[in-house]
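Thanks for coming. I will talk through one model today, starting where its two chains meet and then going through a few of the parts.

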Amino acid sequence: MNFLKHLFLPRFSNNQRAHLIHNQNIFFVALLLIGASFFITAAKNHISGVLGVSVNVAAQDLLALTNQDRANAGLQPLQMNQELSFAAEAKAQDMFAKDYWAHYAPDGKSPWDFIKAAGYNYVYAGENLARGFTSSPDVVNAWMASPEHRANMLSNNYTDVGFAIEQGRLPGDDNTVLVVEMFGSRSLGTATSKQPPVVVAQVTATPVESSPSGQQVVQKTTPIPTLVPVLSAVKKTTLIDSAFLTKTISLALLSLFVLIFGMDVVVTENRKTVRLAGHSFDHLLFLIGILIIAISLGLGVVR
Amino acid sequence: MKKHLGYYTSFLLIVAASIFLVFQNNGDKNVVLLFVSLFAVSYILWGVLHHLVHHSVTLRIVIEYIVVALLGVAIIFFILNGGI
């Protein structure tokens with residue numbers, strides 16, 4: 001019991017500062033974490049079946065979840081469309097090849113270019129992007145939580161959808177899971193709904209192209225050269241999920257240090273202890289900031 | 001406590017700005033690490049400045065702020081390396 005007090009509470013035996021928050025011990029923990037980080041990176045490359053990130057994102061699941069949300073909103077289900085899936089796949093490959101993460105490529109290529117190139121002559125079209133997610137429900141939940149993406153998911157302008165799920169390198173991440181969702185419809189008003197029309201989101205276009213005279217232009221379509229799987233998926237199971245492992249350890253460690261610094265603040269304040277040291281209250285605030293950041297990491301992002 | 005109000009308000013702004021910037025760039029590991037490192041450096045400078053103005057500064061106190069900042073960066077680095 002005395003040993004635990006020595007570790008966690010300021011008292012005479014630890015010079016009025018919990019032993020675990022002595023400078024050398026904090027430094028030791030930090031070094032240990034940095035060393036473990038390099039070990040995990042190496043292990044993920046060499047024994048990926050044992051230690052790595054478990055991923056299960058599949059087009060079929062994304063379609064089912066999207067249609068479930070549409071059904072809840074009283075909308076007709078979307079149909080999986082091969083051309084839109086080709087377009088999504090081409091867009092994903094383009095992002096990997098040109099190293100960008102955006103609706104518009106650095107060369108100005110738009111999502112609509114990919115859709116047209118895949119042979120889908122749309123009246124309405126839209127695109128949702130996601131990266132860094134490890135499960136299909138997480139992707140769909142994140143889209144539904146974002147007003148612009150939700151508007152696409154629940155738009156009654158669309159009848160068709162296509163997905164591409166790919167793993168690769170994007171800016172800032174050497175190995176991320178990328179999801180591209182392309183929506184479309186070939187005609188006006190084919191989708192029926194109990195809901196009023198949804199406002200078209202930023203990532204959506206209604207580009208019925210017109211000539212200066214106002215006549216509709218027939219869009220030239222160029223089929224993409226290679227066949228790609230329509231129902232793409234990234235599924236990977238590892239013995240130990242490194243994402244879960246590192247986040248759990250980190251949150252546990254952070255909570256421990258927050259607790260110790262918190263107790264230090266309370267005890268030294270109560271005892272009016274005079275020490276020549278930094279303010280534990282400052283460290284507490286900093287570590288709470290880090291804790292909030294740590295909780296947010298690995299949740300994936302949508303665009 | 002009143003004389004510290006300005007310091008703590010400024011520090012809370014640094015914390016809020018750092019969290020906001022990380023949230024905005026959550027998918028980009030390098031940018032996240034950059035903002036967390038900037039947060040840590042700001043914390044060290046703020047802590048040392050605070051002691052310089054209102055208390056006394058010793059090497060040990062400076063080291064204390066550095067190791068706590070290092071711990072914060074190390075934890076984020078650890079999570080980023082374990083993730084996808």
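**Where the chains meet**

The contact between the two chains draws on 49 residues of chain A and 38 residues of chain B. On the chain A side, the elements that give two or more residues are H2, strand S6 (173–185), H8 and H9. Sorted by class, that side of chain A has 28 nonpolar, 17 polar and four charged residues. Please keep in mind that this is a predicted model.

Now chain B by itself. Chain B has three helices and zero strands, so the order from the N terminus is α-α-α. Along the principal axes, the C-alpha atoms of chain B fill a box of roughly 45 × 25 × 15 Å. Chain B has 84 residues, and 43% of them count as buried. Take the contacts in chain B between residues at least 6 apart in sequence: 52% of these join residues at least 24 apart.

Next, helix H9 of chain A, residues 280–296. How far apart should the ends of H9(A) be? At 1.5 Å a residue, the 17 residues of H9(A) should span 24 Å, and the end C-alpha atoms are 24 Å apart, which agrees. Several residues of H9(A) are buried, among them Ser280(A), Asp282(A), His283(A), Leu284(A) and Phe286(A). Further along H9(A), the buried residues include Gly289(A), Ile290(A), Ile293(A) and Ala294(A). What covers the buried residues of H9(A) includes H8 of chain A, and from chain B the helices H1, H2 (29–54) and H3. Just after H9(A) comes Gly298(A), with a positive phi of about 80°.

How do H9(A) and H1(B) run relative to each other? The axes of H9(A) and of helix H1 of chain B, residues 5–24, come within 10 Å and cross at roughly 10°. Angles under 35 degrees count as roughly parallel, and therefore H9(A) is roughly parallel to H1(B). The crossing of H9(A) with H1(B) is right-handed. From H9(A), the contact is made by Leu285(A), Gly289(A), Ile292(A), Ile293(A) and Ser296(A). From H1(B), the contact is made by Phe11(B), Val15(B), Ser18(B), Ile19(B), Val22(B) and Phe23(B). By class, the residues of this contact are eight nonpolar, three polar and no charged.

On to helix H8 of chain A, residues 242–271. With 30 residues at 1.5 Å each, H8(A) should span 44 Å, and its end C-alpha atoms are 43 Å apart, which agrees. The buried residues of H8(A) include Ser242(A), Ala243(A), Thr246(A), Leu253(A), Phe257(A) and Asp264(A). Within chain A, the buried residues of H8(A) pack against helices H1 (2–8), H2 (23–46) and H9, and against strands S1 (51–52) and S9 (240–241). From chain B, helix H3 (59–82) packs against them too. H8(A) is followed by Lys272(A), whose phi is positive, near 55°.

One last residue. Asp99(A) is not a glycine, yet its phi is positive, about 60°. Where does Asp99(A) lie? Asp99(A) lies in the loop between helix H4 (82–98) and helix H5 (111–117) of chain A. Is Asp99(A) buried or exposed? Asp99(A) has 10 other C-beta atoms within 10 Å, and a residue with 12 or fewer counts as exposed, so Asp99(A) is exposed.

Terms used:
Residues numbered from 1 in each chain as written. Chains lettered and ligands numbered in written order. Predicted model: local features only at pLDDT ≥ 70, side-chain atom pairs only at ≥ 80, totals over all residues. Helix = DSSP H or I, 4+ residues; strand = E, 2+ residues; numbered from the N terminus. Buried ≥ 20, exposed ≤ 12 C-beta atoms within 10 Å, placed from the backbone. Contact = placed C-beta atoms within 7 Å. Expected span 1.5 Å × (residues − 1). Axes fitted to C-alpha atoms, helices over the stretch in contact; angles between N-to-C directions. Parallel < 35°, antiparallel > 145°, perpendicular 65-115°, else oblique. Left-handed = near helix turned anticlockwise from the far one by under 90°. Nonpolar A, V, L, I, M, F, W, Y, C, P; charged D, E, K, R; others polar.
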